Amino acid sequence: MENRITFLTHHIAEPAAYLHRLPTELLQHLLCLAVTEIRQGHEPWHVYSRIAELRLVCTHWLAAIDSYPLFWTLLTNRLSPLLVSIVLQKSGTLPLHIDLSYIARPDTNPPFHYMNTVISLARRWRSLNIRWYSEEEEEGVEEALRNVLLTPAPQLKELVFDGFSDVPGGVSLFDNVAPNLDSITTRHAVPNWSSFAMRGLRKLVVVTVVPKASDFENLVQALAASPNMEELHIRGWIPRSGSLTENPRVNLEPIVLDFLHSLTLRVFPSSWANALLEAIHLPHHCSVDIVLELPSAQAPLSKLLKHLKTRLVGSSLMNVGLDARERFLSIDLMCEGTNEVGEVSVNLRSPTGIAFSTSDTLQLWQSSLAEITEAVHTSGIPAHLAISVSLSRTPNSIDHPMTTALKLADELLPSVYKASITGANIQQFFQYIMVPTFLNLSDLDLLKAETISWETILECVSARSELSTIPGSKLKALQSIALPSGSVDDEGFEKLSRIVKNIYRN
């Protein structure tokens, strides 16, 4: 339905005749659906550009839109001041979504008049989105912001604050004056954890902050006081060097979050992540996304991967990925769930700017595999192995790092049903699979292949047909090979087609 609506409204000069026969109420509802995606996006104020286009279709659509208050419930100061008056006129008494933006520039003034208007409408606030980047010396600006965050707002359900300011952490956000507030998002600012508003939340997002040691204990308290929490997203908590102890000084009681369906910990102090995952009792349907920076390749992984291993039981698929480059290392461990088990992914990476040597990279890869291989074998879950390696060969090593990585994965390979190999590593992959047995490899994806030795690939695929009847053959279960677009010329495609047909003929 949405695609059809989009198609029709792009041809605004000739609206379909049958739309004119619809009752006005139904037409209004359909047109409102046509702008829903923009309204719910990251820049919802652009919805008024779309509404302006729809109003130009014909006088019937114009009248339908102008008389439908739901089109006019977003109040913003990012566009013309005239729009504020239009919204106030056409929105009736419906709840409002407030957008307040201020970025200090030499040619801009604080929106004091708009803020006063917003405060006067506080009883109609449904959501409040603030983007605030002010200069410290600007007189009256912080006080005006403080007044907004303390205004009684009985219908307010969602607060989003984006900006460099100490105000959110210094005021008791809507304490006892916003009883329905259950979603708080802050970027570049730590909220006031002791605020009453931090209790009973359903959604909490805190992104890109410099945490203090006390922030972890405060976060835990907020979670314990929000048993109905549905979404928790913590990203970019980067403490100053030496400001945090190795282990949090807090005895965590079990935190039961039975309704949690989405948990994100990305670039979060690993000691805090360990403690938090130990404390939270996650429901099976919860999707988990974890990205942790490791202090070294020798960092213990058992605690980090314990959470993942316990979630393997009942899952339908395990993804294991190694992405290693000269100044970056990422090891992804993912458990893709069924209806009963949520998706779980753990991504371990080296700190920004610190280079791991090839030997350290492979050591981390080996220790990661050792932690999960036993659990994979015990549960019988098929695995998807994705490897992208761009490392220099060490002086004392005969093997290519790609080959070494595969050798370290030997015990896991019998469980691999799908392999995704990137770029120049493809040739090393095909050279190595002459050694181990990929007993269950059915799907092979070759990604981003700029240079490939097609003779090697063709020989390998051809050998598959010859060895298909031999027990333990290297690719006896292979069913499909996915190639990057444009990577095979006509001659190569014809050769590959003949070989594949021969395989199935045999």
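Tyr133 is buried, at a relative accessible area of 19%. Buried means under 20% relative accessible area, exposed means over 50%, and partly exposed lies in between (1.4 Å probe, protein chains only). The model is predicted: local features need pLDDT of at least 70, side-chain atom pairs count only at pLDDT 80 or more, and totals for chains, interfaces and linings use all residues. Residues are numbered from 1 along each chain as its sequence is written, and side-chain values use heavy atoms, with hydrogens and water left out.

**Aromatic pairs**

- Tyr133 forms an aromatic pair with Phe164. The pair is edge-to-face, with 5.3 Å centre to centre and 75° between the planes.
- Rings of Phe, Tyr and Trp (its six-membered ring) pair if their centres lie within 6.5 Å; planes under 30 degrees apart count as stacked, over 60 as edge-to-face and the rest as tilted.
- This pair links distant parts of the chain, 31 residues apart. Tyr133 is in strand β3 (residues 125-133), and Phe164 is in the loop between β4 (158-162) and α10 (167-170).
- Helices (H or I, at least four residues) and strands (E, at least two) are DSSP runs, numbered from the N terminus.
- Phe164 is exposed, because its relative accessible area is 51%.
- The whole structure holds 10 aromatic pairs. One of them joins Tyr68 and Phe71, edge-to-face, at 5.7 Å centre to centre and 65° between the planes.
- Tyr68 is buried at 17% relative accessible area. Phe71 is buried too, at 0%.
- Ring pairs also link Trp193, Phe216, Trp237, Phe268 and Trp272 into a cluster.

**Charges over rings**

- The charged end of Arg78 sits over the ring of Trp45, 3.6 Å from the ring centre.
- The charged end of Lys90 sits over the ring of Trp72, 5.8 Å from the ring centre.
- A charge sits over a ring if NZ of Lys or CZ of Arg is within 6 Å of the ring centre and within 35 degrees of the ring normal.

**Helix packing**

- Helix α3 (residues 24-34) packs with helix α6 (residues 59-66) at an angle of about 80°, and their axes are 10 Å apart.
- Axes are lines fitted to C-alpha atoms, for helices over the stretch in contact, and angles run from 0 to 180 degrees between N-to-C directions.
- α3 and α6 are therefore roughly perpendicular. Angles under 35 degrees count as roughly parallel, over 145 as roughly antiparallel, 65 to 115 as roughly perpendicular and the rest as oblique.
- Thr24, Leu27, Gln28 and Leu31 of α3 meet His60, Trp61, Ala64 and Ile65 of α6 in this contact. Contact means heavy atoms within 4.5 Å.
- The axes of helix α5 (residues 47-55) and α6 come within 8 Å and cross at roughly 140°. So α5 is oblique to α6.
- Here Ile51, Leu54 and Arg55 of α5 meet Trp61, Leu62, Ile65 and Asp66 of α6.

**Two single residues**

- Thr185 is in strand β5 (residues 183-187). Thr185 is buried, at 5% relative accessibility.
- Leaving out residues up to four places away in sequence, Thr185 touches Leu159, Val160, Phe161 and Val205.
- Asn109 is in the loop between β2 (96-103) and α8 (112-120). Asn109 is exposed, with a relative accessible area of 65%.
- Asn109 and Val141 are 32 residues apart in sequence. In space they are 9.8 Å apart, C-alpha to C-alpha.
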